[in-house]
Amino acid sequence: YFMWYMWFLPLVLPRMAMSMQMAIVVISAWISAQAVWLSLAYRLEFLGEEVYLPLWGASGLFLVLNSFVLVRLLQAYTPTV
């Protein structure tokens, strides 16, 4: 469910002006958000563990980190005139 927008990347990457350091930060934030949320969702759905509160917190973290990634990508994009 988290990958539907990935096909846009080849269209916008040529117009991105982001430093390598910031790109690493953005990619790390995105991967971290995915890993934390998916690990807790796996424990809930497949192992039947009661991880409702940690999953709720991970969902908030997921929202914040994905918002950070989106803001950085929008700031780095240079549209055509």
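The model is predicted. Helix H2 covers residues 20–45. H2 has 26 residues and reaches 37 Å from its first C-alpha to its last. That span is close to the 38 Å expected at 1.5 Å a residue. Helix H3 covers residues 52–76. H3 has 25 residues, and its end-to-end C-alpha distance is 36 Å. Here the expected value, at 1.5 Å a residue, is 36 Å.

The buried residues of the two helices were then listed. In H2 they are Ala 23, Val 26, Ala 29, Trp 30, Ala 33, Gln 34, Trp 37, Leu 40 and Ala 41. These residues pack against H3. In H3 the buried residues are Leu 55, Ala 58, Phe 62, Asn 66, Val 69 and Ala 76. These, in turn, pack against H2. An α-helix has 3.6 residues a turn, so residues three or four places apart point the same way.

Ala 23 is placed in helix H2. Its relative accessibility is 19%, so Ala 23 counts as buried, the cut-off for burial being under 20%. Ala 23 and Gly 48 are 25 residues apart along the chain. Their C-alpha atoms are separated by 36 Å.

Leu 40 also belongs to H2. Leu 40 counts as buried because its relative accessibility is 10%. Beyond its neighbours within four places in sequence, Leu 40 is in contact with Val 51, Pro 54, Leu 55 and Ala 58. Trp 7 stands 33 residues from Leu 40 in sequence. In space, the two are 26 Å apart, C-alpha to C-alpha.

Pro 54, a contact of Leu 40, is placed in helix H3. Pro 54 has a relative accessible area of 43% and is therefore partly exposed. The C-alpha atoms of Pro 54 and Trp 37 are separated by 9.2 Å. Along the chain, Pro 54 and Trp 37 are 17 residues apart.

Asn 66 is another residue of helix H3. With a relative accessible area of 18%, Asn 66 is buried. Not counting residues up to four places away in sequence, Asn 66 touches Tyr 5, Trp 30, Ala 33 and Gln 34. Trp 30, Ala 33 and Gln 34 are among the buried residues of H2.

Aromatic contacts were examined next. A pair of aromatic rings is described by the distance of the centres and the angle of the planes. The count comes to three aromatic pairs. Trp 37 lies in helix H2 and Phe 62 in helix H3. The pair therefore ties together parts that are 25 residues apart in sequence. Both Trp 37 and Phe 62 are buried. For Phe 62 the relative accessibility is 17%, so this residue falls in the buried class. Phe 62 and Arg 15 are 47 residues apart along the chain. The C-alpha atoms of Phe 62 and Arg 15 are separated by 26 Å.

The largest pocket holds about 730 Å³ of space. Its lining comprises 22 residues. Closest to the centre of the pocket are Tyr 5, Met 6, Leu 9, Val 69 and Leu 73. The elements that give two or more residues to the lining are helix H1 (9–12), H2 and H3. H3 supplies the largest share of the lining, six residues. By class, the lining has 21 nonpolar residues and one polar residue. No charged residues are found there.

Definitions and conventions
Residues are numbered from 1 along each chain as its sequence is written. This is a predicted model: local features need pLDDT of at least 70, side-chain atom pairs count only at pLDDT 80 or more; totals for chains, interfaces and linings use all residues. Side-chain values use heavy atoms; hydrogens and water are left out. Helices (H or I, at least four residues) and strands (E, at least two) are DSSP runs, numbered from the N terminus. Buried means under 20% relative accessible area, exposed over 50%, partly exposed in between (1.4 Å probe, protein chains only). Contact means heavy atoms within 4.5 Å. On a 1 Å grid over the protein atoms alone, a cavity is a set of points where a 1.4 Å probe fits but cannot get out, and a pocket is an open set with protein on both sides within 12 Å along at least five of seven lines; lining residues have an atom within 4 Å of a point. Grid points are joined across faces, edges and corners, and a volume is the space filled by probe spheres set on the points. Ala, Val, Leu, Ile, Met, Phe, Trp, Tyr, Cys and Pro count as nonpolar, Asp, Glu, Lys and Arg as charged, and the others, Gly among them, as polar. The expected span of a helix is 1.5 Å times one less than its number of residues. Rings of Phe, Tyr and Trp (its six-membered ring) pair if their centres lie within 6.5 Å; planes under 30 degrees apart count as stacked, over 60 as edge-to-face and the rest as tilted.
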